[in-house]
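Dear colleague,

I am passing on to you the structure below, and after it I set out what was found there.

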Amino acid sequence: MSSIEILELIKKENGRMQKADFIEALKRDLERVKFVDLKFTDMPGLWQHFTVPISELTENSISNGFGFDGSSIRGFKEIYESDMLLVPDLKSGFTDPFSDSTVSLIGNVKDPETDELFTRDPRYIAQKAESYLKESGIADVAYYGPELEFFIFDSIRFDQKENFGYYYIDSIEGAWNTGAENNGSNNLGYKPRYKEGYFPVAPTDSLQNLRNEIVETLIRSGVGVECHHHEVATAGQCEIDMGYAPMVRMADQVMMYKYIIKNIALKHGKTATFMPKPLFNDNGSGMHTHMSLWKSGKNLFYDKDGYALLSETAMHYVGGLLKHAPALCALIAPTTNSYKRLVPGFEAPVNLVYSKRNRSAAVRIPVYSKLDKAKRIEFRTPDPSCNVYLAFAAMLMAGIDGIKRKIDPGEPLDKDIYHLGKEDLGKIKSVPGALSESINALENDHDFLLAGNVFTKDVIETWIDYKRTKEIDPIRLRPHPWEYHLYYDI
């Protein structure tokens, strides 16, 4: 059974298919479907999984879940409260392209003692955000369309001990390799120059066929794709754009997207990374996120008389994003490496303003189309290192807060912000300069996330503690190689 057939099957009754029908469909051809892989996301945002034989998939196990050790999952439970359940969501099913005879199901985490869904399960938080939007009466659905950028390298080495620390990246496309001998073989050139990797044809774009294979696999797995291309940076930076979808479904698709890209790269002897800034002195990888709210089939962000065809509702949504952006950064740009991307001069949206067409603003209003259904806003600050469920939910909650409080985003700035004078630039607020600043901002501004019990206090506290103790402090305590250049001879 193909992913397309499974997805068609689970559309029955508006996605509320009978468990028995699903089990029967999977067991109909035991030669092709022998295993069910159960996937879920840990707190930092990495997919986890375990696999059961198809015989273990019963109406009872679908309803009640499969047991696992929550204390071994980052951000979940302590050793004395480790028993957790994973309840598969039948609507998420797809044929796993990298595991023979296997259907994958994404699940929700449940506490077996309370029989309630787990408050720190990122997917459940995103589902609660969707429910909160509907209950607010503002809209029926939030459509999201993220553009994830990533690098495909030929090799990566990194290590750090008490007496050394380094990383070494290599790519046949790397501009630094124009003089390399390529292990004794001919160097044939055609390497994208720094900041000049956007849209060249082959042979400069050496990854066309690999991206074609990724796109074919995404489509077979039920993920719609609009286009793909080489991105701005040298050394194999790419982008594959998915079609928009409801928020939680899109978050599921982002996890599938990362999984498929990494595994196809590996199949070809390459390595893919969604790290925001793996290369010094060239563009980093963002996750520009397009958003719109709809109600009764109508796009609430469209107004034929508004600025860039945006409605008042959309403007207030933008106001919420910009007001809460410092706190949002703790979730949408959540790594220490994120702030090596968020610096001026590399197409990085560091300035908290909005504008039509302007890619130097944090919020851009695309104007490719004048159709009402195409009107949306694009938030350019997020990057693909985020836990997409938490990031999407947080952005939606900030937008809802903006709508409810009628937050004015101010005047648009339709000019190149990077070339403003110091006086004008000094009037513009910017994103935090480090993860520690973003975490402090989240600590001081998170009430908008607690509305409707979408995020809970324990989620915020766990996130802040994890980032400080597991990421900020370890980076702060270790010498950096460039410090030797600066200070060794002092």
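With six residues, β8 gives the most to the lining of the second largest pocket, where strands (E, at least two residues) and helices (H or I, at least four) are DSSP runs numbered from the N terminus. Before going on, please keep in mind that this is a predicted model, in which local features need pLDDT of at least 70 and side-chain atom pairs count only at pLDDT 80 or more, while totals for chains, interfaces and linings use all residues. Residues are numbered from 1 along each chain as its sequence is written, and side-chain values use heavy atoms, with hydrogens and water left out.

Pocket and cavities

The second largest pocket has a volume of about 790 Å³, and of the 40 residues that line it, Glu-147, Asp-241, His-290, Arg-376 and Glu-378 are the closest to its centre. Two or more residues of this lining come from each of β8 (141–153), β11 (225–230), β12 (237–242) and β15 (287–295). By class, the lining of this pocket holds 15 nonpolar, ten polar and 15 charged residues, where Ala, Val, Leu, Ile, Met, Phe, Trp, Tyr, Cys and Pro count as nonpolar, Asp, Glu, Lys and Arg as charged, and the others, Gly among them, as polar.

The terms here rest on a 1 Å grid over the protein atoms alone: a cavity is a set of points where a 1.4 Å probe fits but cannot get out, a pocket is an open set with protein on both sides within 12 Å along at least five of seven lines, and lining residues have an atom within 4 Å of a point. Grid points are joined across faces, edges and corners, and a volume is the space filled by probe spheres set on the points.

A search of the whole structure finds two cavities of 30 Å³ or more. The largest cavity, with a volume of about 40 Å³, is lined by Ile-152, Asp-154, Ser-171, Ile-172, Glu-173, Ser-206, Leu-207, Gly-236 and Lys-270. The second largest cavity has a volume of about 30 Å³, and its lining is made up of Pro-366, Val-367, Tyr-368, Ser-369, Ala-374, Lys-375 and Arg-376.

Glu-378, found in strand β19 (residues 377–379), counts as buried because its relative accessibility is 1%; buried means under 20% relative accessible area, exposed over 50%, and partly exposed in between (1.4 Å probe, protein chains only). Leaving aside neighbours within four places in sequence, Glu-378 is in contact (heavy atoms within 4.5 Å) with Glu-147, His-288, Thr-289, His-290, Ala-362, Val-363, Arg-364 and Pro-366.

Pro-88 is found in strand β4 (residues 83–88) and, at 7% relative accessibility, likewise counts as buried. Not counting residues up to four places away in sequence, Pro-88 touches Leu-38, Ser-61, Ile-62, Phe-66, Leu-105, Ile-106 and Gly-107.

Nonpolar cores

A nonpolar core is a set of buried Ala, Val, Leu, Ile, Met, Phe, Trp, Tyr and Cys residues joined through side-chain atoms within 4.5 Å. The largest has 100 residues, of which Tyr-144, Leu-293, Tyr-317, Ile-377, Phe-392, Leu-396 and Phe-455 touch the most other members.

Helices

Helix α4 (residues 122–136) has 15 residues and reaches 21 Å from its first C-alpha to its last, close to the 21 Å expected at 1.5 Å a residue, the expected span being 1.5 Å times one less than the number of residues. Just after α4, Gly-137 takes a positive phi of about 80°.

For helix α5 (residues 208–220), the 13 residues should span 18 Å at 1.5 Å a residue, and the end C-alpha atoms are 18 Å apart, which agrees. Leu-210, Arg-211, Glu-213, Ile-214, Val-215, Thr-217 and Leu-218 are buried in α5, and what covers them includes β8, β11, β12 and α6 (247–267).

Backbone points to check

Most residues other than glycine have a negative phi, and most peptide bonds are trans. The peptide bond from Ala-202 to Pro-203 is cis, with omega near 10°, and Pro-203 has its place in the loop between β10 (164–170) and α5. Phi of Asn-453 is near 60°, a positive value in a residue other than glycine; Asn-453 is found in the loop between α13 (447–450) and α14 (457–477).

With kind regards
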